[in-house]
Amino acid sequence: MKNKISIILLLMTLSLQAQENYFVGHTRFFQKVNASYFGFNNLNRVGILYNTVQLNSNQNIDNKYFFGALSFDEKSFSLGIDFNSFHIDRPGIIHNTGTFSYVYKVQLNDALFFLPAISLGSGSIQYNTGSFIFEDQLDQATGFINTETNDPSGIDIRDTNYFDIGASFIIHNEDFMVGLSIKNLNRPNISLNPEAEELKNIKYTLSGAYEFNINQLERGFFPKHSYLLSYGSFTKVDEALYIYFSQEIQLGEFS
């Protein structure tokens with residue numbers, strides 16, 4: 001039974017490494033992929049997002065996300081923070097991450113900018129071991145479930161806290177943006193067992209965007225400011241590759 005529990009928890013951990021959140025729409029929240037975006041256009045910004053996925057009548061996956069950016073334009077740098085909370089009701093998993101980012105601004109020419117950044121973060125993974133049912137808790141004759149277990153797996157499972165380091169950069173002008181982000185540079189240990197080691201995989205993300213002016217001739221049937229933003233990202237984690245593409249059209253104040 002210990003092996004079965006270990007396999008289940010390993011799958012949970014791998015899922016947390018791969019997902020960590022259920023938000024999409026990267027074109028609106030570039031900083032989720034690349035922290036250098038906190039310094040984009042020297043803008044102060046703040047936002048709160050919430051998403052929930054109902055798997056069945058008794059199980060939800062909730063995701064809360066907060067971010068903020070503060071620009072010091074006269075000193076050519078920006079500061080960014082974000083916090084993400086990922087919660088699965090059953091069997092009871094909470095994964096919280098918080099990151100502080102420093103973004104420096106380098107003007108390469110009149111229109112081209114280079115934004116390198118370094119990010120320092122921390123995370124915690126908590127498991128509600130009280131919701132786990134081990135083999136010795138089951139009475140096969142009556143079907144009764146005992147509240148206590150002597151299975152050593154219940155003792156081995158622990159909450160995990162870790163420290164994280166990341167680096168990124170963005171090159172952009174008024175029309176395009178391209179960037180590279182590397183997360184988990186220090187490969188933190190997120191093992192459930194204090195006597196074992198489960199290193200978090202390094203995550204590489206290459207992303208880019210281009211904005212097309214679709215009303216350069218200022219035709220009357222389009223608003224004056226009409227643009228098409230095309231975006232794509234490629235994320236490599238261990239042997240997995242995640243590909244994301246999107247397009248967003250903006251017609252004046254509507255998108």
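Predicted model: local features only at pLDDT ≥ 70, side-chain atom pairs only at ≥ 80, totals over all residues.
A pair of aromatic rings is described by the distance of the centres and the angle of the planes. Across the whole structure, a search identifies 11 aromatic pairs. In one of them, the ring centres of Phe29 and Phe67 are 5.8 Å apart and the planes meet at 70 degrees, so this pair is classed as edge-to-face; the cut-off for that class is an angle over 60 degrees. Phe29 belongs to the loop between helix H1 (2–18) and strand E1 (45–56), whereas Phe67 belongs to strand E2 (residues 59–72), so the pair ties together parts that are 38 residues apart in sequence. Phe29 has a relative accessibility of 19% and therefore counts as buried, given that buried means under 20%. Phe67, at 6% relative accessibility, counts as buried as well.

Ring pairs also join Phe30, Tyr37, Phe40, Tyr231 and Tyr244 into a cluster. A contact of another kind involves Lys32, which lies over the face of Tyr65 at 4.1 Å from the ring centre.

Attention now turns to empty space in the model. Rolling a probe the size of a water molecule over the atoms shows where such space is left. The second largest pocket has a volume of about 690 Å³. It is lined by 29 residues, of which Tyr37, Phe40, Asn41, Glu211 and Leu229 are the closest to its centre. Tyr37 and Phe40 are also members of the aromatic cluster. Two or more lining residues of this pocket come from each of strand E8 (176–183), strand E9 (203–213), strand E10 (226–237) and strand E11 (240–251). Divided by class, the lining of the second largest pocket comprises 14 nonpolar, seven polar and eight charged residues.

The search of the whole structure also finds one cavity of 30 Å³ or more. The largest cavity holds about 50 Å³ of space. Its lining consists of Phe30, Val33, Asn34, Ile170, Met177, Val178, Gly179, Ser207, Gly208 and Tyr231. By class, the lining of the largest cavity has six nonpolar residues, four polar and no charged.

Ser191 is placed in the loop between E8 and E9. Its relative accessibility is 6%, and Ser191 therefore counts as buried. Beyond its neighbours within four places in sequence, Ser191 is in contact with Arg158, Thr160, Ala196, Glu197 and Glu198. One of these, Thr160, is 31 residues away along the chain, and its C-alpha atom is separated from that of Ser191 by 6.9 Å.

Ser76, a residue other than glycine, has a positive phi near 60 degrees. This residue is found in the loop between E2 and strand E3 (77–88), and at 24% relative accessibility Ser76 counts as partly exposed. Asp238 likewise is not a glycine, although its phi is positive at about 55 degrees. Asp238 sits in the loop between E10 and E11. With a relative accessibility of 51%, Asp238 counts as exposed, because the cut-off for that class is over 50%.

How values were computed:
Residues numbered from 1 in each chain as written. Heavy atoms only, no water. Phe/Tyr/Trp six-rings, centres within 6.5 Å; stacked < 30°, edge-to-face > 60°. Helix = DSSP H or I, 4+ residues; strand = E, 2+ residues; numbered from the N terminus. Buried < 20%, exposed > 50% of the residue type's maximum accessible area, 1.4 Å probe, protein only. Lys NZ or Arg CZ within 6 Å of the ring centre and 35° of its normal. 1 Å grid on protein atoms, 1.4 Å probe; cavity = no way out; pocket = protein on both sides within 12 Å on 5 of 7 lines; lining within 4 Å. Points joined across faces, edges and corners; volume = space filled by probe spheres on them. Nonpolar A, V, L, I, M, F, W, Y, C, P; charged D, E, K, R; others polar. Contact = heavy atoms within 4.5 Å.
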